[in-house]
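Dear colleague,

I am handing this structure over to you, and the notes below it set out what was found. Please read them with the structure open beside you.

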Amino acid sequence: MAPSSKLAAADWICQDVYLPGLPHVTDDACYRAMDQLIEVEPALTRGVYGQIADLLNLEVDLLFFDTTSTYFELDEADEPLWRDQQGRVVADDDPAAARQTGFRTHGKSKDSRDDLPQVVVGMAVTRTGIPVRVWCWPGNTGDSALIRQVKTDMREWSLARVVWVADRGFASAENRRFLQQGGGHYILGEKLRAGTSEADAALARQGRYASVAENLQVKEVNIDADDRFVICYNSEAADRDAAVRNG
């Protein structure tokens with residue numbers, strides 16, 4: 001309701017509210033508490049969701065997932081450590097050890113700051129934009145495979161049928177097959193002129209468009225038993241893209 005910094009939160013506890021048994025707290029104590037919360041994050045996140053799902057009438061039939069990066073004003077990246085496929089720290093002799101990397105490290109920055117160490121943040125939200133769960137990975141983690149980890153993590157929550165929604169950064173054949181496992185469903189954006197065989201096949205199919213809005217026409221194309229494309233044509237976007245190409 002009134003977001004502020006971590007330092008301001010410590011001041012708020014000391015000056016503005018009364019908490020029985022806690023007459024004073026320092027920002028150092030708050031930081032230590034955050035470290036402990038991170039250690040129990042999976043169970044804590046699931047518990048919070050379980051308590052607020054009914055209270056807020058959360059609908060999780062659609063879960064939207066995307067990632068971003070955030071950088072740090074550091075001279076050097078973090079020291080490389082052995083990590084598993086999910087980016088978690090493991091011992092160097094652990095069979096799950098996959099690569100060495102720091103947490104705050106250099107990668108493809110979505111803020112155009114490739115010169116600074118960063119982390120990758122992912123979030124799953126409901127159709128109304130309420131966050132359900134948040135993830136964080138080392139800064140050089142690629143987007144494509146992350147949605148597979150996210151679906152696996154959320155499977156433990158025993159949600160009802162979920163349709164995963166993500167942009168074209170996750171639209172690989174491997175991701176589509178994974179999201180279909182166990183009767184799963186997905187909606188993935190894809191740039192039809194990206195040159196993939198599926199996109200080319202969808203564009204080559206004949207069929208009439210149906211108008212669903214003043215500036216939007218769609219048609220459905222079935223490529224095979226598993227993949228269905230809904231091709232969208234937005235006249236305003238087409239004019240804008242043409243102007244950019246000619247500009």
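Ser211 has Gln217, in β9, as its bridge partner. The two strands concerned, β8 (residues 210-213) and β9 (residues 216-222), pair in the antiparallel sense over three bridges, where pairing requires that DSSP finds at least two bridges between two strands, and they form a hairpin with two residues between them. Helices (H or I, at least four residues) and strands (E, at least two) are DSSP runs, numbered from the N terminus.

Please keep in mind that this is a predicted model, in which local features need pLDDT of at least 70 and side-chain atom pairs count only at pLDDT 80 or more, while totals for chains, interfaces and linings use all residues. Residues are numbered from 1 along each chain as its sequence is written, and side-chain values use heavy atoms, with hydrogens and water left out.

Arg176, found in helix α5 (residues 173-180), counts as buried because its relative accessibility is 6%, buried meaning under 20% relative accessible area (1.4 Å probe, protein chains only). Contact means heavy atoms within 4.5 Å, and among the residues that Arg176 touches are Tyr186, Glu198 and Asp227.

Key:
Buried < 20%, exposed > 50% of the residue type's maximum accessible area, 1.4 Å probe, protein only. Lists of a residue's contacts leave out its neighbours within four places in sequence.
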